[in-house]
Amino acid sequence: MTGASRRSARGRIKSSSLSPGSDEGSAYPPSIRRGKGKELVSIGAFKTNLKILVGLIILGIIVIYFVINRLVRHGLLFDESQKPRVITPFPAPKVMDLSMFQGEHKESLYWGTYRPHVYFGVRARTPLSLVAGLMWLGVKDEMYVMRHFCENSDDLSTFGWREHNGRDYGRQELVENDMVIETSFVKSKGDGLGYGGDWAVRIDVKNKGLNDDVKRSAHLFFYLADEGGNVLNLGQDGLDFQGSSLLVSGSREDVGDWQIHLKSQNQLETHYSGFKTPHIYNLSDLVQQNLALQARKFGRLQLSDTSEDSSNIYIFQISGRLPFTIDIPFISGIKGESSNVEKRLTSLTGLPLSDLLKKKHQEFDAKFNECFNLSEKRLLSTCCIDFSSFIPHLSESPSTRISLSLLMCYSVSQWRTYVHDSETLGVGRTAIANMLGGIGYFYGQSKIYVPKSTQPGSRDNFLLYWPAELYTAVPSRPFFPRGFLWDEGFHQLLIWRWDIRITLDIVGHWLDLLNIDGWIPREQILGAEALSKVPEEFVVQYPSNGNPPTLFLVIRDLIDTIRMEKFVASEKDEVLSFLERASVRLDAWFQWFNTSQKGKEIGSYFWHGRDNTTTQELNPKTLSSGLDDYPRASHPSEDERHVDLRCWMYLAADCMHSITELLGKEDKLSKENYNSTAKLLSNFNLLNQMHYDSDYGAYFDFGNHTEKVKLIWKEVIQENGQLSRQLVRKTFGKPKLKLVPHLGYVSFFPFMSRIIPPDSPILEKQLDFISNRSILWSDYGLVSLAKTSSMYMKRNTEHDAPYWRGPIWMNMNYMILSSLYHYSIVDGPYREKSKAIYTELRSNLIRNVVRNYYETGYIWEQYDQVKGTGKGTRLFTGCIAAVANGLTHLLMMILNCGDSIDALSTTDPENMVKEVLKVGIFIQVTATFFGGFMFAFIRGLQLAFVLLSCINFSTHRLRTIAVVQNGVIAEKGTHERLVKTSMESYGTLFAHMSE
């Protein structure tokens, strides 16, 4: 309708411009037309000129029409009031304008390793930043290749952050063949520095083996680029490296005058090249072209030592024999001699830099232990109790005292080994480091699908979203180095426990992307570098399609933490202030889902965006759900009901109700009665009516479905007229509206949402499905689709291997595991069963991920359903749309996440001690009867038996006694009380033996 009115307006403009030309000739007085011949010639010439003029005017109008049309099509000519709704920002104060995100907080996060798509990169959180990065020459198939962007195809043995605090420190390791590159980044702040402070990069390059006798060379390429096009000044001593060089300098409005230096104690050779270009995503190509030209001319692998006029990019080649170390400090805010440049350089190079990095390393370890309650002092104070105070007779028997001391040490060491396994915690450190080191800053405009052209296959059917910035974690640096909406909620389940401010900052950035309708584009491809990594057909976002609202997962965590009073006062105030500002956007987001994704029946929802015309897919994908090829109804329609989306909506409604309660805004925030909506969506009977199959005992989607669908080979005539053989979908039976009988992750969303009452027999049925080896259970985790499903491990197209049809995903396992824990601590007949399954599943998941990490050097996107080996993309730090989060959930399972090592044994401790006492008394009577020679022998067996019983009991108790809930070990008093009961019983037994 809007387009029609614009065309009408243009038509009116064109007509009015022609009318003066048509009337012009007849408007002259007759005296002029009847004048002399000379006058008539002049008039004829005038008429001719007038025709040319009119023609030029028409041509100009046509040109203007097409220019305006192009501007309108790309959304560049609209006033704010005229913008299409899909590209109109939500009319409310931005979350990121809150004072908590300004001042010191904003400056502290200004510089960072915010370029996750490259192996190492530094930039500022500003649209046109000064950018730094690293490239190097690797070897593949006996040929040099340039390493710059993270790529799965590079086949590095391992790479990733080993430590990163998200703010001012990170240490990364990259291993290629026999070479190890370690990059460290650290920031320095203080008075008199430029905005954001100074920073330094240390690069250590060494041989992988212990033998340094085999010397090899390495070629590194460190670059500086100004995205704003500001001219960079090459340092005068750039070519004559004598241990210290000023590489390049410049000036920027944000940081003032700045310099980049190079320092090293090793003998190095340096070369450079300067370029003037508005883009930096093709730097690798520029360097390779320069090197190739030099190699052809001079037979040497070195840059040309030349620069283009007004270069805004400089690349420095640093070559040397391994091992070598270089320090690259960045000094900002230089204002003459008062800036103490030399002193600041000294503090960020050599030994002072080593000391600073060591300090940051210690701080990282300390914070890791603090955040996840792993400090040795705390553990010892929790576990190592003064046993002698519980054993009144201990002092009477030195041998017994020694035995019990050994028992205590053995039990505590066993528990500490279980919780503190160094390999497991090593993976935990890697997980949090890669999550924080994978945070990036992006700026640009999303492309939003808006059908306008009648030309089929036109590439211009989009509008540009408003220019926006996004600070976000990314799911995978090699494969998905950009923001994905449903991954971010899972990311923040971990990050908020590390740094609540970073989480609020990230969630705030996402909520500020909300448009006036309450929609957020699910995949954020912002800026030229991000666009260069994405195939063109996947760039455009569809405003009818959603994505699981996982940000409510972290919001629920924050609300629960406030209610449990675990935040300090300042943190609580900031979270409440954040929720106050964000609540109106969260409400709009909920309303978008509640209107655009609702089904035909009250309380039903379905994911929009499925292709109901496809002839290529066995089962049309549901990309918007995040579970791409998980089997849904065979024939997409508006009659569908998706059980997972219903449960996501319950989570969102419940969170919104909690927010209104916390803020005291019941019935004020929205027209929606969130309490009623949450009750409706958690109504167990209504859920069962819509999604429960009583014969099968499982929850399913509902839709137009038939199982009689296959992919068959068929000869197809292509557009060019040639025949090709393709796999084509063929339906052999008529679809019917019914429950879709595919058991898998989707079936367990009511279980994950804890809607099923703990005393319901339906809960037991879910537990049976989970623990059945013939259905979902494996030694490596729960598979995504039941082994009994007709779609299990079936390809969806000729080129699409099974994705969510068997492989093991960590995010769904984590959510199921959390619910197993929930049902293991609430009263109900299935408590013990839930506990046993929880314990074994948790152990399987952790063991498999840790094993894969140490075997391959990576945490993987998914794990094989048969062998447990890593699959998909490597260095996977989150779940993108259709991909699960590996690192987050591993660490959550290892360390906190609301799960625990349960406090109670399945055997009652008092009964167990009584049984031990009975055995001890029996042995004592037997020893007395035989007497003499047999006494010593039986006494020895007696002591050994009782001691072993105590060890086994104590080991089990101390392994299971420490409750870890939300990362907090159970109250020391509870632990001491249980141990005291046990040890008093032990004391009684040993006292009896010593008599």
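Two strands are said to pair if DSSP finds at least two bridges between them, and strands (E, at least two residues) and helices (H or I, at least four) are DSSP runs, numbered from the N terminus. The model is predicted, so local features need pLDDT of at least 70 and side-chain atom pairs count only at pLDDT 80 or more, while totals for chains, interfaces and linings use all residues. Residues are numbered from 1 along each chain as its sequence is written, and side-chain values use heavy atoms, with hydrogens and water left out.

**Exercise 1. Describe the pairing and burial of strand 13 (residues 269-275).**

Step 1. Strand 13 is joined to strand 15 (residues 313-321) by seven bridges, and the two run antiparallel; across this pairing, Tyr 272 stands opposite Phe 316.

Step 2. With strand 14 (residues 306-307), strand 13 pairs in the parallel sense over two bridges, and here Gly 274 stands opposite Ser 307.

Step 3. Burial is judged by relative accessible area (buried under 20%, exposed over 50%, partly exposed in between, with a 1.4 Å probe and protein chains only). Six of the seven residues of strand 13 are buried, so the strand is largely enclosed by the rest of the structure.

**Exercise 2. Compare how helix 11 (residues 485-498) packs with helix 14 (residues 551-563) and with helix 10 (residues 422-437).**

Step 1. Two packed helices are described by the angle between their axes and the distance between the axes. The axes are lines fitted to C-alpha atoms, for helices over the stretch in contact, and the angles run from 0 to 180 degrees between N-to-C directions. Angles under 35 degrees count as roughly parallel, over 145 as roughly antiparallel, 65 to 115 as roughly perpendicular and the rest as oblique.

Step 2. Helix 11 and helix 14 pack at about 30 degrees with their axes 6 Å apart, and they are therefore roughly parallel to each other. Contact means heavy atoms within 4.5 Å, and among the residues that make this one are Leu 485, Phe 490 and Trp 496 of helix 11 and Leu 551, Val 554 and Leu 558 of helix 14.

Step 3. The axes of helix 10 and helix 11 come within 10 Å and cross at roughly 100 degrees, and these helices are therefore roughly perpendicular to each other. Ile 432, Met 435 and Leu 436 of helix 10 meet His 491, Leu 494, Ile 495 and Trp 498 of helix 11.

**Exercise 3. Examine the aromatic pair of Phe 159 and Tyr 858, and then that of Phe 364 and Phe 368.**

Step 1. Rings of Phe, Tyr and Trp (its six-membered ring) pair if their centres lie within 6.5 Å, and planes under 30 degrees apart count as stacked, over 60 as edge-to-face and the rest as tilted. The structure holds 39 such pairs.

Step 2. The ring centres of Phe 159 and Tyr 858 are 6.0 Å apart and their planes stand at 75 degrees, so this pair is edge-to-face. Because Phe 159 lies in strand 5 and Tyr 858 in the loop between helix 22 (831-856) and strand 29 (862-863), the pair ties together parts that are 699 residues apart in sequence. Both residues, Phe 159 and Tyr 858, are buried.

Step 3. Phe 364 and Phe 368 are stacked, at 6.4 Å centre to centre and 25 degrees between the planes. Both lie in helix 7 (residues 350-371), four residues apart, about one turn of the helix, and both are buried.

**Exercise 4. Locate Thr 126 and follow one of its contacts, Arg 252.**

Step 1. Thr 126 sits in the loop between strand 2 (121-124) and strand 3 (130-140), and is buried at 18% relative accessible area.

Step 2. Leaving aside neighbours within four places in sequence, Thr 126 is in contact with Tyr 110, Arg 252, Asp 254 and Tyr 441.

Step 3. Arg 252 lies in strand 11 (residues 244-252) and, at 9% relative accessibility, counts as buried.
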